[in-house]
Amino acid sequence: MAERVVRLPDVGEGIAEAELVEWHVKVGDVVREDAVLGAVMTDKATVEIPSPAEGRVVWLAGKVGDMLAIGSDFVRLDVGGRNEPAPEAAKVAPRTASFSTEKPDAAASPPSSTPPLTLRSQPSVAPLYQASERPLAAPAVRLRAREAGIDLRQLRGTGPAGRITHDDLDAHLAHGRTGATAAPYPAQTAVTEIKIVGLRRKIAEKMSIASSRIPHISYVEEVDVTALEDLRAKVNHEKRPDKPKLTLLPFLMRAMVCAIAKQPHLNAHFDDEAGIVRQHAGVHIGIATQTPAGLVVPVVRHTEARDIWSCATEVTRLAEAARNGNATRDELTGSTITITSLGASGGLATTPIINHPEVAIVGVNRIAIRPHWNGSAFVPRQMMNLSSSFDHRVIDGFDAAQFVQRIKLLLETPAMIFIGS
């Protein structure tokens, strides 16, 4: 047996090893010159390794996932008695544009008295694949085919060893092929450019400032709101015409007022340029509100001086004004702490972005019935997560936890909200 060693080539400057990600052959396979043997991956590209000669595979370097050293033996071929040249590194067939796409030069084999290997007859154009076969194609070609809804098994490859190339895929997309499987849904290629202007641009600017300048710490806590929801349902059932319908927000606002009384430094603005925290005595709660034009934050001023009904009335009025575009500048500025809520679409948990220059924001997630352990059995309870974020430059994690725990206690025992404790 005349053996030819194919070594792992240098696949990039400064790279000492590469990960084996795919074998295209197995021991015993007969391959032609230029047939793809396998593929390796570096941090820059995935590279296919072609065979420099005809032969039968007698040894493979390892299994998928192994790290192989550059220059180490990759594949060994039985070349059927041909004179054996010095071991060489195969020339690479790259999959990405970060490498050249030169084909390896065919090595001339001198005459030999030993009969050559009998290779399977392969036409220059690969036949259609059977359902159980996997066509030979680079990952980028497979991805394009999946996105376009094309079954690669119905294409004929014109690359080495019948490999399907981007050109084959382009030709199929442009002209179609007999027997091709039609895509179940048409591929959409349109790209629409939408200039960010007006309110959406302001929102983008403010979010960028908040995200880049404020190191957020998020705190998520589960709250049992069964008692609160029972109270709210009973009050709303009375249908008093002089009173608005109560949502959860007015109760949360009053709970926040009580918690801020214990931790007034959370009701503040942080002027990071001057290095000053401006702590406010008045609790002006911003209510993040979705409008047709985008997200705005109308402000319920002096919540500390309002009862549940007044909070509910003001939230309703401001939300309507914001959605109609009638909210004034004064009604949209000056908040000292913010509530954000997506209502029934609120998900299990969120990571709210602080309304700069505030130092805290409280996020409301949807209410769902969950099993809760009461000490002796699991019982169904109405549960809700509060997802809150804090400016970690001025609010420690301990303070953030205490603040949320106080709100949790008040919401779970709503009578305490009314006695201001």
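**Note on the predicted model: helix packing, cysteines and one loop**

1. The crossing of α5 and α7 is right-handed. This is a predicted model. Helix α5 covers residues 248-262 and helix α7 covers residues 397-412. Their axes lie 9 Å apart, at an angle of about 135°.

2. Which residues of α5 and α7 make the contact? On α5 they are Phe251, Leu252, Ala255, Met256, Cys258, Ala259, Ile260 and Lys262. On α7 they are Phe403, Arg406, Ile407, Leu410 and Leu411. By class, this contact has eleven nonpolar and two charged residues, with no polar ones.

3. The crossing of α1 and α2 is left-handed.

4. On the α1 side, the contact with α2 is made by Ala140, Val141, Arg144, Ala145 and Ala148. On the α2 side it is made by His166, Leu169, Asp170 and Leu173. The classes are six nonpolar, one polar and two charged residues.

5. Now the cysteines. The structure holds zero disulfides. Cysteine 258, one of the α5 residues in the contact with α7, has 12% relative accessibility. Cysteine 311 has 0%. Buried or exposed? Both cysteine 258 and cysteine 311 count as buried, because the cut-off for buried is under 20%.

6. Where is alanine 327? Its place is in the loop between α6 (308-324) and β18 (337-341). Leaving aside neighbours within four places in sequence, alanine 327 is in contact with Ala321, Ala322 and Leu332. Proline 298 is 29 residues away from alanine 327 along the chain, and their C-alpha atoms are separated by 7.7 Å.

7. Last, the chain as a whole. The chain has eight helices and 20 strands. Of its 421 residues, 42% are buried. Among contacts with a separation of 6 or more, 66% are between residues 24 or more positions apart.

How values were computed:
Residues are numbered from 1 along each chain as its sequence is written. This is a predicted model: local features need pLDDT of at least 70, side-chain atom pairs count only at pLDDT 80 or more; totals for chains, interfaces and linings use all residues. Side-chain values use heavy atoms; hydrogens and water are left out. A disulfide is a pair of cysteine sulfur atoms within 2.5 Å. Buried means under 20% relative accessible area, exposed over 50%, partly exposed in between (1.4 Å probe, protein chains only). Helices (H or I, at least four residues) and strands (E, at least two) are DSSP runs, numbered from the N terminus. Contact means heavy atoms within 4.5 Å. Axes are lines fitted to C-alpha atoms, for helices over the stretch in contact, and angles run from 0 to 180 degrees between N-to-C directions. A crossing is left-handed if the near helix is turned anticlockwise from the far one by less than a right angle, and right-handed if clockwise. Ala, Val, Leu, Ile, Met, Phe, Trp, Tyr, Cys and Pro count as nonpolar, Asp, Glu, Lys and Arg as charged, and the others, Gly among them, as polar.
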